[in-house]
Amino acid sequence: GAYNEVTFTLTGAATNDLILLGLPTSVPTGCVFDARVSSSNVVAVRMLNVDNKNHTQNAATYRITAIGY
């Protein structure tokens, strides 16, 4: 399916860090979320549409934690 990606600044995040993504209580059914460090201090959060229906994720609070190795 299609996906949408949004990036956020997360000071100290480094390539190969483990990212923990805390989702809001309401997310669209049929969507899967993941996150990764796309470059130093930047985390990309993706919403993958697995059922190919029209979905919109409203503004919400996400918890993003980077764990370095």
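Tutor: The model is a predicted one. From the N terminus on, the protein chain runs β-β-β-β-β, with five strands and zero helices. Its C-alpha trace spans about 35 × 20 × 15 Å along the principal axes.

Student: How many salt bridges does the structure hold, and what makes R36 and E5 a salt bridge?

Tutor: The structure holds two salt bridges. For R36 and E5, the N to O distance is 3.3 Å. The criterion is a Lys or Arg side-chain nitrogen within 4 Å of an Asp or Glu carboxyl oxygen, so the pair qualifies.

Student: Which parts of the chain does this pair link?

Tutor: Distant parts: R36 belongs to strand β3 (residues 31-39) and E5 to strand β1 (residues 3-9), and the two are 31 residues apart.

Student: Why is R36 called partly exposed, and why does E5 receive that term?

Tutor: The class lies between buried, under 20% relative accessible area, and exposed, over 50%. R36 has a relative accessibility of 40% and therefore counts as partly exposed. E5, at 32%, is partly exposed because its value also falls between those limits.

Student: How do you know that D34 and R46 form a salt bridge?

Tutor: Their side chains meet at 3.0 Å, N to O, and the limit is 4 Å, so the term applies. D34 lies in strand β3 and R46 in strand β4 (residues 42-49), so this bridge ties together parts that are 12 residues apart in sequence. As for accessibility, D34 is partly exposed at 33%, and R46 is partly exposed at 28%.

Student: What describes the chain as a whole, in burial and in surface?

Tutor: Of its 69 residues, 20% count as buried. The accessible surface comes to about 4,800 Å², with 49% belonging to carbon and sulfur atoms. Among contacts between residues at least 6 apart in sequence, 65% join residues at least 24 apart.

Technical notes:
Residues are numbered from 1 along each chain as its sequence is written. This is a predicted model: local features need pLDDT of at least 70, side-chain atom pairs count only at pLDDT 80 or more; totals for chains, interfaces and linings use all residues. Side-chain values use heavy atoms; hydrogens and water are left out. Helices (H or I, at least four residues) and strands (E, at least two) are DSSP runs, numbered from the N terminus. Buried means under 20% relative accessible area, exposed over 50%, partly exposed in between (1.4 Å probe, protein chains only). Contact means heavy atoms within 4.5 Å. Accessible areas come from the Shrake-Rupley method with a 1.4 Å probe; for residues, only the protein chains shown count as cover.
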